[in-house]
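Please keep the sequence and the structure in view while reading.

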Amino acid sequence: FTHPGLDRILQWDLRYGAEVVSQLVSHVDATHRDRLQAAADAAWARLSPLADVLPRQAVHMDLTDANVVVSHTPGGAVHPDGIIDFGDLSESWAIGELAITLSSVLQHPGADPTSVLPGVRAFHAIRPLNLAEVEALWPLLVLRTAVLIVSGAQQAGIDPDNAYITEQSDGEWRMFEQATSVPIDVMTALIKAELGLASPAAPP
């Protein structure tokens, strides 16, 4: 699917995530700036060499809890029925879609980095990830959490009475803490193992 309207620059597009963090990190409390910048820099160092080979397509760019419409079955299970809010629709890295969705998993109580693995497996079963995308996935997720925090801090400064913005802050910080609690190499190895893509052990 292509359309001229998809060719635009948005701050939520993770292709520009490192620049967004650098431009907006000053809006965050000074005690947290270095951590956010360091995490974004480390993520971008992994992404930059992959930028030109990552597949691109039209992406929603905000498939999170807030934008999934659900119904509840008689047994109490939640069933996804559709999605809303296409305001961020753009052409970007396809793997960014998955990273954005998985980042929202980390805000839930009891979730930890391994909680995203079922989502990775389910996505891969329908639309297989290539090795470059697997390498990019966790750095993109880390970058997404940093972008959310700096963007939220900027908006809170502009509109401090906006309860929606201020209420999101705790969840965004929880995502960031979880995303950075495990080294990128470790999470990438776990994702590869989950998908059966683990590299063979080197001979002794």
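## Loop residues with positive phi

Asp-85 is partly exposed, with a relative accessible area of 41%, where buried stands for under 20% relative accessible area, exposed for over 50% and partly exposed for what falls in between (1.4 Å probe, protein chains only). This is a predicted model, in which local features need a pLDDT of at least 70 and side-chain atom pairs count only at pLDDT 80 or more, while totals for chains, interfaces and linings use all residues. Residues are numbered from 1 along each chain as its sequence is written, and side-chain values use heavy atoms, with hydrogens and water left out.

Asp-85 sits in the loop between E3 and strand E4 (90–93); helices (H or I, at least four residues) and strands (E, at least two) are DSSP runs numbered from the N terminus. Although Asp-85 is not a glycine, its phi is positive, at about 65°. Most residues other than glycine have a negative phi. Met-61 also has a positive phi without being a glycine, in this case near 70°, and its place is in the loop between E1 and E2. Met-61 counts as buried, because its relative accessibility is 3%.

## Asp-62 and its surroundings

Asp-62 lies in the loop between strand E1 (56–59) and E2. With a relative accessible area of 16%, Asp-62 is buried. Not counting residues up to four places away in sequence, Asp-62 touches Asn-67, Asp-85, Asp-88, Glu-97, Ile-100 and Arg-144, a contact being heavy atoms within 4.5 Å.

Strand E2 (residues 68–72) and strand E3 (residues 78–83) pair in the antiparallel sense over five bridges, where two strands pair if DSSP finds at least two bridges between them. Val-70 stands opposite Pro-80 in E3. The two strands form a hairpin with five residues between them, and in the turn Gly-76 has a positive phi of about 95°.

## The nonpolar core

The largest nonpolar core has 50 residues, and Leu-36, Ile-95 and Trp-138 are those with the most contacts inside it; such a core is a set of buried Ala, Val, Leu, Ile, Met, Phe, Trp, Tyr and Cys residues joined through side-chain atoms within 4.5 Å. At least two residues of this core come from each of helix H1 (17–24), helix H2 (30–47), helix H3 (94–105), helix H4 (117–126), H5, H6 and helix H7 (184–194). The helix that gives the most to this core is H5, with 14 residues. In soluble globular proteins, nonpolar side chains tend to be buried together.

Leaving aside neighbours within four places in sequence, Ile-95 is in contact with Leu-54, Leu-129, Glu-133, Ala-136, Leu-137 and Leu-140. Glu-133 is found in helix H5 (residues 131–158) and is buried, with a relative accessible area of 1%. The side chain of Glu-133 makes a polar contact of 2.7 Å with the side chain of Arg-127; a polar contact is a pair of N or O atoms within 3.5 Å, of which, within protein, one must be able to donate a hydrogen and the other to accept it, and residues adjacent in sequence count only if both atoms are side-chain atoms. Beyond four places in sequence, Glu-133 touches Leu-54, Pro-55, Ala-94, Ile-95, Arg-127 and Pro-128.

In H1, the residues Gly-17, Ala-18, Val-20, Val-21 and Leu-24 are buried. They cover an arc of only 160° around the axis, so they lie on the same side of H1, the arc being that of the directions from the helix axis to the C-beta atoms. What covers the buried residues of H1 includes H2 and H5, whereas the face turned away from the buried side carries the exposed residues Glu-19 and Gln-23.

Trp-173 and Phe-176 are separated by about one helical turn, because they are three residues apart in helix H6 (residues 163–179), and both are buried.
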